[in-house]
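Please look over the sequence and the model first.

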Amino acid sequence: MLPHQDRLLHALTDQQLAAAQPRSRASAGRLVELEVAAWLHLPGLSDLPVSLLVSYRDGEHLREVTVDHGRIDCRQRILLSGVARLPIERSLHDVELRLRSAVPPAGLRVEELFVQPVT
């Protein structure tokens, strides 16, 4: 397995977390669903595969879910989006959006970022 680099894109605020109400699942625990989109510019990188993920703490456990994968285009930009489904058993905190790549980007500009609870 190749080593990977994670770059923090956004840490959810207390207000964003308060708006994301967990709902009960048929199986044990609860689920928080977030719509997420990130339009990114990565100067100097083209055709690099990257992933958008959400990392979070559930009580004392660190967890992560993958939202989307893609390749940076020839203009060095990428749009990654999807629904992050966060299973929780205890309490949700320290929720962060991260970009994962095999090569650390020298520069990263978040052109637009969208996060909202699924209604």
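## Contacts along the chain

Among the contacts in the protein with a separation of 6 or more, 76% are between residues 24 or more positions apart; a contact means heavy atoms within 4.5 Å. This is a predicted model, in which local features need pLDDT of at least 70, side-chain atom pairs count only at pLDDT 80 or more, and totals for chains, interfaces and linings use all residues. Residues are numbered from 1 along each chain as its sequence is written, and side-chain values use heavy atoms, with hydrogens and water left out.

## Elements and overall form

The protein has one helix and eight strands, and from the N terminus on they run β-α-β-β-β-β-β-β-β. Helices (H or I, at least four residues) and strands (E, at least two) are DSSP runs, numbered from the N terminus.

Along the principal axes, the C-alpha trace spans about 45 × 30 × 25 Å.

## Burial

Of the 119 residues, 35% count as buried. Buried means under 20% relative accessible area, exposed over 50%, and partly exposed in between, with a 1.4 Å probe and protein chains only.

## R98 in strand 7

R98 lies in strand 7, which covers residues 92-101. R98 counts as buried because its relative accessible area is 18%.

The side chain of R98 makes a polar contact of 2.6 Å with the side chain of E96 and another of 3.5 Å with that of S55. A polar contact is a pair of N or O atoms within 3.5 Å; within protein, one must be able to donate a hydrogen and the other to accept it, and residues adjacent in sequence count only if both atoms are side-chain atoms. Leaving aside residues up to four places away in sequence, R98 touches D6, R7, L8, L9, S51, L52, L53 and S55.

## V115 in strand 8

V115 belongs to strand 8, residues 109-117. With a relative accessibility of 17%, V115 is buried.

E35 is 80 residues away from V115 along the chain, yet their C-alpha atoms are separated by 5.6 Å. E35 is also one of the residues that V115 touches, together with L12, Q16 and L97, when residues up to four places away in sequence are not counted.
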